[in-house]
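Dear colleague,

Please find the structure below, followed by a summary of what was found in it. I would be grateful if you could read the two side by side.

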Amino acid sequence: MYIIIVGGGKVGYYLARALLDEGHEILVVEKDADRSEFICGELGSVCTRGDGCEVATLTEAGTGRAEMFIAVTGDDEDNLVACQVAKHKFNVPRTIARISNPNNETIFKKLGIDVTVSSTNIILENIEEEVPTHPLTHLLNIRDKGLEIVEIKIPPHSTTVGKAVKELPLPQGSVLSLIIRSQQKPIVPTADTILQAEDQIIAATTPESEEALRTALRGF
Amino acid sequence: MKVVIMGCGRVGARLAGLLDIEGHSVAILDTDDYSFRRLSPDFGGTALVGNGVDEESLKKAGIEEADVFVALTQGDNRNVMAAQIAKHIFNVPKVVCRIYDPLRRELYNSLGIEAFSPTTIFAQMLKEKLER
């Protein structure tokens with residue numbers, strides 16, 4: 001597959017290397033002359049110097065035959081414009097933009113970018129998992145459906161310990177999928193399942209009702 | 001009418017002044033408050049430090065009630081992104097932006113963003129002057 005990568009920083013460079021290893025045809029577009037030379041020195045002639053938002057540069061790069069276009073510069077606005085040029089001027093079927101400001105995820109979607117990858121969110125989620133007291137951990141986003149899979153831990157002194165699932169004011173659209181207890185097999189909760197301290201609950205919810213779900217499960 | 005201008009450079013500050021004198025309600029955004037020195041001392045509008053590609057800053061500047069949004073920073077991409085946010089997220093009725101790169105301007109015009117390229121306009125003007 002012919003893939004164009006805009007931005008030859010650390011992300012662009014390692015991405016190019018990984019995709020080359022998988023046997024794809026890669027071209028990195030990088031503004032900085034030294035950086036561009038470095039990439040060519042390391043990976044072979046797979047980097048061209050230029051502005052990845054410019055129609056002229058992208059024409060030269062053969063963007064018209066690219067099947068995928070990935071913009072990974074450090075600036076959200078540059079990534080947006082590069083992807084929009086690729087999409088609207090060259091009809092690239094799949095455009096992917098890296099974003100730093102998590103709020104831009106919805107904006108980019110609305111503006112026609114196929115996929116966004118928020119490095120800030122990924123780092124945040126990984127750190128959340130490492131903080132043992134964090135009340136809610138995001139495990140997975142099902143983007144097209146507006147759903148997310150989260151994990152909620154029931155603290156020992158929670159007011160919901162000893163209550164049955166049917167007694168909890170669960171928000172609409174949230175489903176408890178699995179309860180993990182220490183030294184036990186995971187169980188699929190029913191309406192009569194009684195919550196215990198230290199239960200880890202895996203649930204599907206929407207970003208809007210996440211807060212309500214957390215309160216319903218943890219009490220207070 | 002209510003106008004939000006992003007970028008308080010020479011053009012932004014001047015436009016803000018002109019609209020303010022005519023009695024329009026003007027809010028001008030810039031990431032650097034030093035830029036506001038360009039505004040005239042009797043400027044009656046609001047000057048706000050903030051980034052125009054950030055939804056929150058735009059809301060603070062009153063984008064939700066704005067009739068007009070103008071993007072005039074030095075960065076083409078910043079202008080284009082802010083203009084699209086104003087048009088597609090906040091549904092501002094009139095959105096205008098500056099894009100120096102003529103090819104990029106053409107593309108965004110075709111995508112429904114009203115954009116002007118000073119490069120094209122000024123080159124054309126100079127040419128006409130020289131031919132006279």
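How many bridges join E9(A) to E10(A), and do these strands run parallel or antiparallel? Five bridges join E9(A) to E10(A), and the two strands run antiparallel. Strands here are DSSP runs of E with at least two residues, helices are runs of H or I with at least four, and both are numbered from the N terminus. Two strands count as paired if DSSP finds at least two bridges between them.

Before going further, please note that this is a predicted model, in which local features need pLDDT of at least 70 and side-chain atom pairs count only at pLDDT 80 or more, while totals for chains, interfaces and linings use all residues. Residues are numbered from 1 along each chain as its sequence is written, and chains are lettered from A and ligands numbered from 1 in the order in which they are written.

As to confidence, the predictor assigns the complex an ipTM of 0.87 and a pTM of 0.77. Chain B has a mean pLDDT (the predictor's confidence in each residue, from 0 to 100) of 95, with 100% of its residues at 70 or more.

Chain A contains seven helices and ten strands. Its radius of gyration, taken over C-alpha atoms, is 23 Å, well over the 17 Å that the globule rule (2.2 Å times the number of residues to the power 0.38) gives for 220 residues, so chain A is more spread out than a compact globule. Along the principal axes, the C-alpha atoms of chain A fill a box of roughly 65 × 30 × 25 Å. The domain assignment, automatic or from a database, divides chain A into domain 1 (2–121) and domain 2 (129–218). The C-alpha centres of these two domains of chain A lie 38 Å apart.

Strand E10(A) belongs to an open sheet of four strands in chain A, ordered E7-E8-E10-E9 with antiparallel pairing. Strands E7 (136–142) and E9 (175–180) of chain A stand at the edges with a single partner strand each, so one side of each has no neighbour in the sheet.

On the E8 side, six bridges join E8 (residues 147–153) of chain A to E10 (residues 200–205) of chain A, and these strands run antiparallel. Within E10(A), Ile201(A) is the bridge partner of Ile152(A), and Ala204(A) is that of Ile149(A). Leu176(A) has Ala203(A) as its bridge partner in E10(A).

With kind regards
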